[in-house]
Amino acid sequence: MVGMLAGKVALITGAANGIGRETALLFAREGARVAAADLDLKGAEETAALIRGAGGEAAAFSVEVSDAEQVEAMVNETIVAFGRLDCAFNNAGIAPAHVGNNAKRMHEWSEEGFDRMIAVNLKGVWLCMKSEIARMLEAGGGAIVNTSSIAGLAGLPTSSAYVAAKHGVSGLTRTAGIEYAGDDIRVNAVCPGYIATDMTREVMSRRGNEILARVPARRMGEAREVAEMACWLCSDRASFVTGATYTVDGGYMAW
Ligand code: NAD
């Protein structure tokens with residue numbers, strides 16, 4: 001199989017939907033064998049079935065990324081299924097609306113909502129990296145891409161805990177990039193802008209015109225456009241790239 005990820009095994013979280021699913025499909029087209037993991041096992045199985053239907057190899061796993069035991073099991077099951085782990089895309093995430101804090105300023109957020117946001121969007125990425133890096137150290141290398149956000153680089157009104165979590169992901173990424181550069185493990189982050197997925201449907205219906213007025217490209221991004229960056233960062237073509245955060249945002253952060 002010829003492709004940017006030929007011969008590699010890739011683990012993707014949040015693979016049931018949106019950016020994660022598109023990335024799983026692209027990675028498989030580029031030659032990777034794919035472990036598609038998600039809280040939504042049915043959706044992850046659909047992603048794996050799409051890959052197999054197109055002639056690729058994939059398995060689906062259930063995971064709650066904020067649970068250390070489940071994350072460790074996901075990484076181990078990937079290695080049992082495919083014999084190795086070369087690439088990981090730590091992408092599962094939730095939005096303020098998922099924790100009952102939609103359109104709320106900082107003082108209005110509930111403590112439960114803040115804690116859940118940090119547990120999934122920040123601790124979840126750390127737990128994934130912790131398990132993945134341990135196995136990559138044993139194997140002698142690997143490449144990790146975390147999904148941060150433009151909210152990992154700048155403030156966004158009414159998204160305080162999301163912004164805090166994504167800034168944390170950017171920070172973990174930079175630090176891991178430094179810590180493991182000598183071990184042939186590259187760690188980078190992709191920072192999507194406004195991408196057309198389930199996650200952005202509600203906010204775009206509420207204030208889409210206002211948001212798009214701030215996007216130089218004057219449109220939302222497609223999940224596959226984020227997948228392309230994740231694919232390149234996981235591939236050997238990005239061999240000198242680590243500890244970096246890459247925007248895929250139609251120019252949003254260039255202002
Ligand atoms: P999405 O809602 O389509 O997909 C998110 C996936 O993550 C879902 O399949 C969901 O089941 C899974 N998930 C949620 N919580 C989980 C958990 N605790 N354990 C395991 N899986 C869980 O959203 P998306 O837009 O594809 O978002 C993917 C990532 O991209 C997220 O980290 C999100 O914060 C980030 N992001 C999205 C945008 C955007 O505009 N859509 C912008 C910047 C960053």
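**Entry 1: the H6–H7 loop**

I started at arginine 218, which lies in the loop between H6 and helix H7 (223-234). Helices here are DSSP runs of H or I with at least four residues, strands are runs of E with at least two, and both are numbered from the N terminus. I found that phi of arginine 218 is near 60°, a positive value in a residue other than glycine.

A note on the ground rules: this is a predicted model, in which local features need pLDDT of at least 70 and side-chain atom pairs count only at pLDDT 80 or more, while totals for chains, interfaces and linings use all residues. Residues are numbered from 1 along each chain as its sequence is written, and side-chain values use heavy atoms, with hydrogens and water left out.

I then looked up aspartate 184, another residue that is not a glycine, and its phi is positive at about 65°. Aspartate 184 sits in the loop between helix H5 (160-179) and strand S6 (185-192). Buried or exposed? Aspartate 184 counts as exposed, at 57% relative accessibility. (Buried is under 20% relative accessible area, exposed is over 50%, and partly exposed is in between, with a 1.4 Å probe and protein chains only.)

**Entry 2: helix H6**

Back to H6, residues 198-212: its 15 residues put the end C-alpha atoms only 17 Å apart, short of the 21 Å that a straight helix would reach. That expected span is 1.5 Å times one less than the number of residues.

Where does H6 bend? I found a bend of about 80° at arginine 206, taken as the angle between axes fitted to the seven residues ending there and the seven starting there. Arginine 206 is partly exposed, with a relative accessible area of 39%. Leaving aside neighbours within four places in sequence, I see arginine 206 in contact (heavy atoms within 4.5 Å) with Asn102 and Ala103. The C-alpha atoms of arginine 206 and alanine 103 are 9.9 Å apart, although 103 residues separate the two along the chain. I also listed the buried residues of H6, which are Thr200, Val203, Met204, Gly208 and Ile211.

**Entry 3: aspartate 86**

Next I went to the loop between helix H3 (68-82) and strand S4 (87-90), the place of aspartate 86. Aspartate 86 is buried, with a relative accessible area of 11%.

What does its side chain meet? A polar atom of the aspartate 86 side chain lies 2.7 Å from the backbone nitrogen of valine 9. Beyond four places in sequence, I noted that the contacts of aspartate 86 are Gly7, Lys8, Val9, Met136, Gly142 and Ala143.

**Entry 4: the whole chain**

Finally I zoomed out. The chain has 7 helices and 7 strands, in the order β-α-β-α-β-α-β-α-β-α-β-α-α-β along the sequence. The radius of gyration is 17 Å, close to the 18 Å from the globule rule for 255 residues, so the chain is as compact as a globular protein of that length. That radius is taken over C-alpha atoms, and the rule is 2.2 Å times the number of residues to the power 0.38. Of the 255 residues, 53% are buried.

Definitions and conventions:
A polar contact is a pair of N or O atoms within 3.5 Å; within protein, one must be able to donate a hydrogen and the other to accept it, and residues adjacent in sequence count only if both atoms are side-chain atoms.
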